[in-house]
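Reader: I am new to this structure. Could you show me how to read its main features?

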Amino acid sequence: MYDIKNWRHVFKLDPAKEISDDDLERICMSNTDAIMIGGTDNVTEDNVLNLMSRVRRYPLPLALEISNIESTMPGFDFYFVPTVLNSQDTEFHNGLLHRALKEYGHMINFDEFIFEGYLVMNPDSKVSAHTKANTNLDVDDIVAFSQMANAFYRFPVLYLEYSGTFGDLKMVEAARSELTETQLFYGGGIDSLSRATEVAAIADTIVVGNIIYEDIKKALQTTKIKERT
Ligand code: 1GP
């Protein structure tokens, strides 16, 4: 079985976006550690199943980041379940999860599930509006949330989610400074090797999304962090 602790680089594919077979092959044959499928809008059973079966041809770990119950299905190596620590709606803390377990808990292999503390950081992102996140956070807030994740909830993963914009590295460093057990994932605005290198020097795992659809060459270059660190 794969171990997420070794992941330094992850490509996140959005099931609601088109990707050609050629581009998908380049992503899946790259030096990345894993593919994660996840998105905010229009994530459906059909488009997740379609993308999963296309990615499954390649021999690398495949994770689903769960956005809704309807598009969750067997066939992935890992299921990342976000709990949005700065959401103002309990639905995104444990409401959805409670409903999912009530219905499907009896058939779940819990070893495949990774409960991730999520901090939604970009106020202009879709995920921020969707989860009603309070993004008005300073360094002390990040420190407190990171202590919560590491020492109290003991999450395996804390995900700093800047989706669509490159984050403030002071915030990433603040999270880093508190995490001794919890693995720090960073995602958002990584669109070049230099940005990837900067943030990979702080976070354990970097997640590259949007640039796959905008400039595949630049996306592929971000995997070079693995040769450098
Ligand atoms: C999104 O964190 C990922 O969930 C990656 O962000 O799309 O901005 O690369 P970008």
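Author: Start with the ligand. A residue is near a molecule if one of its heavy atoms lies within 4 Å of it. Here the ligand is surrounded by Lys12, Tyr159, Glu161, Ser163, Gly164, Gly187, Gly188, Gly189, Val207, Gly209 and Asn210. This is a predicted model: local features need pLDDT of at least 70, side-chain atom pairs count only at pLDDT 80 or more, and totals for chains, interfaces and linings use all residues. Residues are numbered from 1 along each chain as its sequence is written, and side-chain values use heavy atoms, leaving out hydrogens and water.

Reader: Which polar atoms lie by oxygen atoms of the ligand?

Author: A polar contact is a pair of N or O atoms within 3.5 Å. A polar side-chain atom of Glu161 sits 2.5 Å from a ligand oxygen. For a backbone N or O atom of Gly209, the distance to a ligand oxygen is 3.0 Å. A polar backbone atom of Gly188 is 3.4 Å from one. Of the 300 Å² of accessible area (Shrake-Rupley method, 1.4 Å probe) that the ligand has on its own, the protein covers 90%.

Reader: Now Ser71: is it buried or exposed?

Author: Buried means under 20% relative accessible area, exposed over 50%, partly exposed in between (1.4 Å probe, protein chains only). Ser71 counts as buried because its relative accessible area is 2%.

Reader: Which residues does Ser71 touch?

Author: Contact means heavy atoms within 4.5 Å. Not counting residues up to four places away in sequence, Ser71 touches Val43, Thr44, Glu45, Val48 and Leu64.

Note on methods: Polar contact = N/O pair within 3.5 Å; in protein donor to acceptor, adjacent residues only side chain to side chain.
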